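User: Please take a close look at one single part of this model. Tell me how that part is put together, and then where it sits in the rest.

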Amino acid sequence: MDQGDELFTVKRSATGLGLFAIKRIPRGKKIVEYTGPCVPNEEVEKSNGKYFFGVNKRWSIDGSGRDNIARYINHSCAPNAEAIINRDRVWIWSKKTIQPGEEIAYDYGKEYFEGIIKDIGCKCAKCSHSTHSHRNGSRNGSK
Ligand SMILES: [Zn+2]
């Protein structure tokens, strides 16, 4: 863990809390690990949790714990970071140089987008100008 060498902080963003760079983060750097207990995917499917990160066919990480800083990272359709799964661990890496003050965001992937984001409207920087939906659904919508 890169403690003492803080690259980011949790701050209020347009959509709630978000993770923001406080130092310049060069491209291709490990930023933070997405941490939490592993749960079987059958359980994930029965749950309405929003913080599961699928790592393979069988398992997901339940990232809802407060110590999982990576859960504050918002989705973006034009991300500056990406989540890379290596074995059963997930790290968020910078995809490009991130300047201090910039929000760190990655693409949550098609499944999450269609299951959750699409219903409430994407509020990422790229999409926010075209957002016209203000519904407050937080549940996994029916597909
Ligand atoms: Zn978007």
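Cysteine 38 stands opposite isoleucine 61 in β6. Next, valine 39 stands opposite serine 60 in β6. This is a predicted model, where local features need pLDDT of at least 70, side-chain atom pairs count only at pLDDT 80 or more, and totals for chains, interfaces and linings use all residues. Residues are numbered from 1 along each chain as its sequence is written.

Now the strands. A strand is a DSSP run of E, at least two residues long; a helix is a run of H or I, at least four long; both are numbered from the N terminus. Two strands pair if DSSP finds at least two bridges between them. β4 and β6 (residues 59–62) run antiparallel and are joined by three bridges. On the β5 side, three bridges again give antiparallel pairing with β6. There, phenylalanine 53 has isoleucine 61 of β6 as its bridge partner. β5 and β6 form a hairpin, with four residues between them.

Put together, this is an open sheet of three strands in the order β4-β6-β5. β4 (38–40) and β5 (52–54) are the edges: each has a single partner strand, so one side of each lacks a neighbour in the sheet. The average twist from one strand to the next is 40°, taken between lines fitted to C-alpha atoms in N-to-C directions, on a scale from 0 to 180 degrees. What holds such strands together? Strands of a sheet pair through backbone hydrogen bonds, either parallel or antiparallel.

Now the wider setting. The protein chain has two helices and 10 strands. Their pattern along the sequence is β-β-β-β-α-β-β-β-β-β-β-α. Buried means 20 or more other C-beta atoms within 10 Å of a residue's own, with C-beta atoms placed from the backbone. This core has 23 residues; Phe8, Ala21, Ile31, Ile73, Ile92 and Ile104 touch the most other members.

Last, confidence. pLDDT is the predictor's confidence in each residue, from 0 to 100. The protein chain averages 88, and 87% of its residues reach 70 or more.

Methods
Core = buried A, V, L, I, M, F, W, Y, C linked by C-beta atoms within 7 Å. Buried ≥ 20, exposed ≤ 12 C-beta atoms within 10 Å, placed from the backbone.
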